[in-house]
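Hello,

Here is the structure I promised to pass along.

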Amino acid sequence: MTEDIVAGVLRQWQQVHPGLDTGPMAVIGRLNRCSALLQQAADAPLRRAGLTRPEFDILGTLRRMDRELTPGRVARETFASGAAVTKRVRQLEARGLVSRRTDDRDRRVTHLSLTGEGREIIDRLLPEQLRYEATLLEGIGEHRQEELSAALGELLVILEGRLGSLMD
């Protein structure tokens, strides 16, 4: 198997600091490198459709929850700031993909929903995006993908618990 770039970095650190435990760097370095590469590659179908990943996430959230949502709820679901969601919703609204409705009881609250065109684009784009992402993972067998997904899920639960309490 060909050596990845992180293995070379780890080897260099072992030469500088023999005996140093670089195990955490091996995991986090590889996750960061994979994340960076996936961010570059995984959004190609979205770019062709004229969407960014954060815009796609907003459309996807509205579609999968299949009801009106407040911008705050969309922010929590997409792990974005309220200001970022507001900006993206404005852009999606201008393109006719999202509509905004003021709450009947509290005029400060707005509700977001997909327009017919927004629903059409997410329903068309999601299967295409998933096929593209499956292609990116083709070199890893289905069983290994399931193992990797489970291990990353465990890590995510741990990090969400630890980092969530640190960021409060």
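Arg73 is partly exposed, because its relative accessibility is 27% (buried is under 20% relative accessible area, exposed is over 50% and partly exposed lies in between, using a 1.4 Å probe and protein chains only). The side chains of Glu77 and Arg73 meet in a salt bridge at 3.1 Å, N to O (a side-chain nitrogen of Lys or Arg within 4 Å of a carboxyl oxygen of Asp or Glu). Glu77 and Arg73 are separated by about one helical turn, because they sit 4 residues apart in helix α5 (residues 71-78). Helices here are DSSP runs of H or I with at least four residues, strands are E runs of at least two, and both are numbered from the N terminus.

Before going further, a word on the source: this is a predicted model, in which local features need pLDDT of at least 70, side-chain atom pairs count only at pLDDT 80 or more, and totals for chains, interfaces and linings use all residues. Residues are numbered from 1 along each chain as its sequence is written, and side-chain values use heavy atoms, with hydrogens and water left out.

How many salt bridges does the structure hold? There are 17. One of them joins Asp4 to Arg30, with the closest N and O atoms 2.8 Å apart. This pair links distant parts of the chain, 26 residues apart: Asp4 is in the segment before α1 (5-16), and Arg30 is in helix α2 (residues 23-41). Asp4 counts as partly exposed at 33% relative accessibility, and Arg30 counts as partly exposed at 30%.

Arg53 forms a salt bridge with Asp43, where the closest N and O atoms are 3.0 Å apart. Here too, distant parts of the chain are linked: Arg53 belongs to helix α4 (residues 53-65), while Asp43 is in the loop between α2 and α3 (44-48), 10 residues away. Is Asp43 buried or exposed? Asp43 counts as buried, because its relative accessibility is 8%.

**How α1 and α2 pack**

The axes of α1 and α2 come within 9 Å and cross at roughly 145° (axes are lines fitted to C-alpha atoms, for helices over the stretch in contact, and angles run from 0 to 180 degrees between N-to-C directions). Residues of α1, including Ile5, Leu10 and Trp13, meet residues of α2, among them Met25, Gly29 and Arg33 (contact means heavy atoms within 4.5 Å).

**The nonpolar core**

The largest nonpolar core has 21 residues, and Leu51, Leu59, Leu62, Val74, Leu92 and Val98 touch the most other members (such a core is a set of buried Ala, Val, Leu, Ile, Met, Phe, Trp, Tyr and Cys residues joined through side-chain atoms within 4.5 Å). The elements giving two or more residues to this core are α4, α5, α6 (82-94), β2 and α7 (116-136). The largest share, 5 residues, comes from α4. Leaving aside neighbours within four places in sequence, Leu62 is in contact with residues including Leu69, Val74, Val98 and Leu112.

**A histidine in a strand**

His111 lies in strand β2 (residues 110-114). His111 counts as buried, because its relative accessibility is 14%. Its side chain makes a polar contact with the side chain of Asp103 at 2.6 Å (a pair of N or O atoms within 3.5 Å; within protein, one must be able to donate a hydrogen and the other to accept it, and residues adjacent in sequence count only if both atoms are side-chain atoms).

Best wishes
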